[in-house]
Amino acid sequence: MSTMKLWGFDGSTYVRTVKMLFAEKAFSDFEQIPLNVLAGDPKNAEHMARHPFGKVPVLDHDGLRLLETSAISRYLNDVLPGKSLVPASAADRARMDMVMGVTDSYGYSSLLAGVAGYHLFPDFVGGKNEAARAAGIEQGRKVLAFAMQTKGTSPFVAGDLSLADLYLAPIAAYVAMTPDAPAVFAVDGFADWWARVQALASFQATQA
């Protein structure tokens, strides 16, 4: 297998998702090309040629260029050896896909931009906006509640550890650094899931 190239900065939750997948698969034969977000690297001409919207991660492998974390993670799960992070049953795959979709559509903006951004990197979210923070807490709790309802009595979101957990964990990690974490995380079932995720070697090895 040829060496993979991964473009992205470690502060990106989506880049961390990919690197957690690598760790879960015990795969290290990849080259990470860091991009300095403070210097505007994702928006420079060179990277815009890789990703027309100036985002990360971008993965190159065997002449194939992949954008979007969902596509990258599905591809890597298929081509790398090791335990699958996509459930075997149709029902559990649907659970995984639902939570990944909800995280993408509603969780990222509310939890990362609305809550974490307010406290940790306000300059990147247009300054401290109290209304956006309050909305982020409310919407973020809905996202976590949906994820935990989907999880039910399973140890992870879709039964065993899956891509859905790797999606949600890096975002939750940023929220955990803020004083709003107790309010956001006050969701039935979240504490047990969060403890399991924090205990993962892949989570511990990929902290930015």
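In this structure, Tyr14, Thr17, Val18, Leu21 and Phe22 of helix H1 meet Thr69, Ile72, Ser73, Leu76 and Asn77 of helix H3, where contact means heavy atoms within 4.5 Å. The residues of this contact divide into 6 nonpolar, 4 polar and no charged; here Ala, Val, Leu, Ile, Met, Phe, Trp, Tyr, Cys and Pro count as nonpolar, Asp, Glu, Lys and Arg as charged, and the others, Gly among them, as polar. The model is a predicted one, in which local features need pLDDT of at least 70 and side-chain atom pairs count only at pLDDT 80 or more, while totals for chains, interfaces and linings use all residues. Residues are numbered from 1 along each chain as its sequence is written, and side-chain values use heavy atoms, with hydrogens and water left out.

Two packed helices are described by the angle between their axes and the distance between the axes. For H1 and H3 the angle is about 5° and the axes are 10 Å apart, the axes being lines fitted to C-alpha atoms, for helices over the stretch in contact, with angles running from 0 to 180 degrees between N-to-C directions. The two helices, H1 and H3, are therefore roughly parallel to each other, a term that covers angles under 35 degrees, whereas those over 145 count as roughly antiparallel, 65 to 115 as roughly perpendicular and the rest as oblique.

Both helices also lie across strands of a sheet. Helices (H or I, at least four residues) and strands (E, at least two) are DSSP runs, numbered from the N terminus, and two strands pair if DSSP finds at least two bridges between them. The sheet is open, with 4 strands in the order S2-S1-S3-S4 and mixed pairing. Strands S2 (30-33) and S4 (64-67) stand at the edges, each with a single partner strand, so one side of each is left without a neighbour in the sheet. Neighbouring strands of this sheet are turned by 20° against each other on average, direction ignored. Strand S1 (residues 4-7) runs parallel to S2 and is joined to S2 by 4 bridges, and within this pairing Lys5 has Glu31 as its bridge partner in S2. Helix H1 (residues 13-24) lies across S1, S2 and strand S3 (58-61), at about 150° to S1, whereas helix H3 (residues 69-79) lies across S1, S3 and S4, at about 130° to S4.

Leu80 has a relative accessible area of 4% and is buried, which means under 20%, with exposed meaning over 50% and partly exposed in between (1.4 Å probe, protein chains only). The C-alpha atoms of Leu80 and Leu21 are separated by 9.8 Å, although the two residues are 59 apart along the chain.

Side chains of opposite charge can pair when their charged atoms come close. With a salt bridge taken as a side-chain nitrogen of Lys or Arg within 4 Å of a carboxyl oxygen of Asp or Glu, the count comes to 7 salt bridges. One of them joins Asp60 to Arg65, with the closest N and O atoms 2.7 Å apart; Asp60 is buried at 19% relative accessible area, while Arg65, at 38%, is partly exposed. In another, Glu46 and Arg50 have their closest N and O atoms 3.0 Å apart, and these residues, 4 apart in helix H2 (residues 45-50), are separated by about one helical turn. Finally, Glu130, Arg133 and Asp180 are linked in a network of salt bridges.
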